[in-house]
Amino acid sequence: MRYVIKIGTSSLFNEDGTAKESVLSNLLETVKDIFNGGHEVILVVSGAVACGKAILKQIVEKLEKEDKTTNNDLYREYKKLQDKIDFSKKLNEKINKYEKLKNTTNNSLYMKYKELSERANLTTTEKSVIAGIGQSEMMRIIQSKAFSYGILTEQVLLSGKSDLKRTTAVKNMEKCFKKRILAVVNANDTVYEEELEDGGNERFSDNDTLASDLARTIKADRLFLITNVAGYLDSNNGLVEEITVDRGNHYLRRTKLTKSSVGSGGMYSKLGNALAFAKSGGITFIISVKDISYILEIAELKRKAGTRVCKKLTLKERVKAFVKENIENGGIANNESSNRQAIER
C-alpha cells in the first residue's frame with residue numbers, strides 16, 4: 001500500500017519554531033512501521049515559516065545582546081520585520097479571544113482588530129523570504145530525529161503543479177520508494193508558481209493541496225491529513241465519521257474557511273482536497289495528531305478514527321449506516337438483538 005501523510009505547522013511545531021517532540025516521535029515511529037510492513041510512504045510537511053520566524057527572532061535578540069544595533073541597517077531591517085510579526089500575533093490573539101467567547105456581532109473593537117490584522121499580516125513576499133530562511137532548519141530537525149530511528153530522509157521541494165507533471169519528479173519518488181528513503185516534501189515557497197502568479201496578494205502555498213495533488217500523481221492508496229482536532233466536526237462539534245463524494249458539496253458549503261495562527265490551511269482546504277483525492281478512487285483520512293500511532297490500523301479499516309473521505313460506501317457499510325441512522329431516529333423498531341446483529345454484520 002502506498003501512503004501520503006501530510007502534517008501541518010501547528011500540529012508539528014510550536015510557535016517558537018521548535019518541534020513538538022512527542023508528535024514527531026510518533027510520526028517517525030509510524031513511518032518506520034509502514035516501511036517494515038513492506039509499504040511505501042511520503043511525508044508532506046509544513047513548518048518552514050514557523051522555523052524562519054524563530055531564526056529571525058534569535059538574530060534580532062543576538063544583535064541586541066551584543067549591542068550591535070546602532071547604525072546597523074541589517075538590524076533595522078530585521079527588527080522591522082520582527083515587530084510586524086509580533087504585532088500581528090498580538091492582534092490574532094485578541095481576535096481569537098473574542099471569537100472563542102462568541103463576542104463578535106456588532107463588536108466595533110473586534111472589527112477594528114480584524115481590519116488591523118489584515119493590514120499587519122505578512123505579505124506573500126515576506127512569507128516567502130521567511131520560509132526560505134526556515135526551510136533548512138525545518139529539514140534539519142526532521143532529519144536529525146529520523147536518523148535516530150534509522151530512517152534516511154530526502155528533501156523534495158516542489159515549485160508548483162508543473163513539477164508533478166514532470167516524469168523526473170515522479171521517478172525521484174519511485175527511487176525513494178525502492179531505496180526505503182523517506183521523501184520529505186514541501187512547497188518551494190521562494191519560487192512557488194501559484195504564489196508568484198498571484199501578484200503578491202495575501203495568498204500562500206497550501207500543503208493540503210500539494211499533498212492531494214501528489215497523492216493522485218503517484219497513485220497513492222491512502223492520504224492522511226493530520227490536524228489538531230478529532231476530524232471533520234459537525235455544527236454541534238460531533239465527529240462526522242464518513243463523508244462520500246456525493247455528499248461532499250453539502251459539507252463544503254457549511255464549512256467556514258478558517259486558519260490557525262501558524263498554519264496556512266484549514267478544514268475547508270482539508271475537506272476539499274480529501275474529496276479531490278477520493279474522486280480518483282483513493283481514501284483520505286482526516287485524523288488528529290493523537291491518532292498518528294494508529295495510521296496502519298486506520299488505513300486497513302481495522303480501527304475507526306477521524307473522518308474517512310471516500311468515493312462511496314460499500315453495500316455493507318451503506319446497510320449499517322441506514323440501520324444505525326433509523327434506529328437513532330426511531331424509524332426501525334428497537335429490537336435490540338436484531339438491530340445489533342445488523343450493525344455488526
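Tutor: A residue counts as buried under 20% relative accessible area, exposed over 50% and partly exposed in between (1.4 Å probe, protein chains only). This is a predicted model, in which local features need pLDDT of at least 70, side-chain atom pairs count only at pLDDT 80 or more, and totals for chains, interfaces and linings use all residues. Residues are numbered from 1 along each chain as its sequence is written, and side-chain values use heavy atoms, leaving out hydrogens and water.

Student: Is arginine 119 buried or exposed?

Tutor: Arginine 119 meets glutamate 115 in a salt bridge (3.9 Å, N to O), a side-chain nitrogen of Lys or Arg within 4 Å of a carboxyl oxygen of Asp or Glu. Glutamate 115 is partly exposed at 40%, whereas arginine 119, with a relative accessible area of 56%, is exposed.

Student: In which helix do arginine 119 and glutamate 115 both lie?

Tutor: Helices are DSSP runs (H or I, at least four residues) and strands likewise (E, at least two), numbered from the N terminus. The two residues are four apart, about one turn of the helix, and both lie within residues 108–120, which form helix H5.

Student: How many residues apart in sequence are the parts that lysine 145 and glutamate 21 tie together?

Tutor: Their salt bridge has its closest N and O atoms 3.4 Å apart, and both partners are partly exposed, lysine 145 at 23% and glutamate 21 at 45%. Because lysine 145 lies in helix H6 and glutamate 21 in helix H2, the distance along the sequence is 124 residues.

Student: Which glutamate meets lysine 304 in a salt bridge?

Tutor: Lysine 304, exposed at 64%, lies in the loop between helix H13 (295–299) and strand E8 (307–310). The partner, 63 residues away, lies in the loop between strands E5 (222–227) and E6 (242–244). At an N to O distance of 3.5 Å, that partner is glutamate 241.
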